[in-house]
Amino acid sequence: MAGIDDGAKSDEESLILLQGLHAAGFRKCITTPHIYAGLYNNTPERISSGLQRLKSICTEHALPLEVEAAAEYFFDHHFFELISQQKVLTFGKQYVLFELPLNNRPAMLEDMVFKMCLNGYQPVLAHPERYPFFHDRKMVEYGKLKDRGLLFQLNLMSLTGHYTEPIRSAARDLVRHGMVEFAGTDIHREKHLPVIRKAMEDSYYIELLCSGKLLNNTLL
Ligand SMILES: [Fe+2]
């Protein structure tokens, strides 16, 4: 969705990414632009109009790829208000994708997960492998979050070492422990397409596909 966050900068770039995903075997994409107050002030209306543009691009170029949109919410006060007002963009069965700051664990995480569930949402944590404060081979923190009903979406690029080695290691541990419900791409630029292809050849990706736990196919 061009020009509304740090993703594609133009419709041309959106097209390249959509074509690349289709060529890699994707049949449907759920794009999740950032909603981050003060940085990416996106609204459902803005995201909806971006989605219409993406759909038009697919039609114009006869690209048989279904496109849908939700959002990746930053864990802040603005997000908490939207939850209370039940104005959060969801995908699938009331799934809400959100991300945490990368450098510190919010004290209110468990409370907010509870609040999301109370409001009828199914919270999904974006890229759990990228938070160093959760890293632990014994998976204690991850296990606690799972017990609270939090679902995890892995960034596939993490499996390739695209970020850091500790992130790759955490991603592998999450797969090995059967803790991943969704796989996401984190594609922002054309240069990420080969990384996704590499991830799709990774043995942990194959293990993830075979785990029977992935819910991606329920979103088709
Ligand atoms: Fe993110």
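## A first stop: Asp186

Is Asp186 buried or exposed, going by the C-beta atoms within 10 Å? Asp186 is buried, since 22 other C-beta atoms lie within 10 Å. (A residue counts as buried if 20 or more other C-beta atoms lie within 10 Å of its own, as exposed if 12 or fewer do, and as partly exposed in between, with the C-beta atoms placed from the backbone.) You'll find Asp186 in the loop between β8 and α7. Its phi is near 65°, a positive value in a residue other than glycine.

Two notes on reading this structure. It is a predicted model, where local features need pLDDT of at least 70 and side-chain atom pairs count only at pLDDT 80 or more, while totals for chains, interfaces and linings use all residues. Residues are numbered from 1 along each chain as its sequence is written.

## The whole chain

The chain has 8 helices and 8 strands. Both are DSSP runs numbered from the N terminus: helices are H or I with at least four residues, strands are E with at least two. A compact globule of 220 residues would have a radius of gyration near 17 Å, and the chain agrees, because it has 17 Å. (That radius is taken over C-alpha atoms, and the globule rule is 2.2 Å times the number of residues to the power 0.38.) Along the principal axes, the C-alpha atoms fill a box of roughly 50 × 40 × 30 Å.

Of the 220 residues, 34% count as buried. Now for contacts, meaning two residues whose C-beta atoms, placed from the backbone, lie within 7 Å. Take the contacts with a separation of 6 or more: 77% of them come from residues 24 or more positions apart.

## Helix α6

Helix α6 covers residues 165-176, so that's 12 residues, and from first C-alpha to last it reaches 16 Å, close to the 16 Å expected at 1.5 Å a residue. (The expected span is 1.5 Å times one less than the number of residues.) Its buried residues are Ile167, Ala170, Ala171, Leu174 and Val175. Seen down the axis of α6, they fall within an arc of 140°, so they line one face of the helix. (The arc is that of the directions from the helix axis to the C-beta atoms.) An α-helix has 3.6 residues a turn, so residues three or four places apart point the same way.

On the face turned away from that buried side sit the exposed residues Glu165 and Pro166. What covers the buried residues of α6 includes α5 (140-147), β7 (151-155) and α8 (203-210). Just after α6 comes Gly178, with a positive phi of about 65°.

## Helix α8

In α8, the buried residues are Tyr204, Tyr205 and Leu208. They cover an arc of only 105° around the axis, which puts them on the same side of α8. Over on the other side, Ser203, Ile206 and Cys210 are exposed. The cover over the buried residues of α8 includes α6, β8 (182-184) and α7 (193-199).

After α8 comes Gly212, whose phi is positive, near 75°. Gly212 is exposed, with 7 other C-beta atoms within 10 Å. From Gly212 to Ile47 it's 165 residues in sequence and 32 Å in space, C-alpha to C-alpha.

## Where α1 meets α2

Two packed helices are described by the angle between their axes and the distance between the axes. For helix α1 (residues 11-23) and helix α2 (residues 44-60), the axes come within 10 Å and cross at roughly 65°. (Axes are lines fitted to C-alpha atoms, for helices over the stretch in contact, and angles run from 0 to 180 degrees between N-to-C directions.)

The crossing of α1 past α2 is right-handed. (Right-handed means the near helix is turned clockwise from the far one by less than a right angle, left-handed anticlockwise.) The contact is made by Asp11, Ser14, Leu15 and Leu18 of α1, together with Arg53, Leu54, Ile57 and Cys58 of α2.

## A few more residues

His127 sits in the loop between β6 (122-126) and α5. Its phi is near 35°, a positive value in a residue other than glycine, and His127 is buried, with 23 other C-beta atoms within 10 Å.

Pro101, in the loop between β5 (95-99) and α4 (109-118), is exposed, with 12 other C-beta atoms within 10 Å. Leu82 lies in helix α3 (residues 77-85) and is partly exposed, with 19 other C-beta atoms within 10 Å. Leaving out residues up to four places away in sequence, Leu82 touches Lys87 and Val88.
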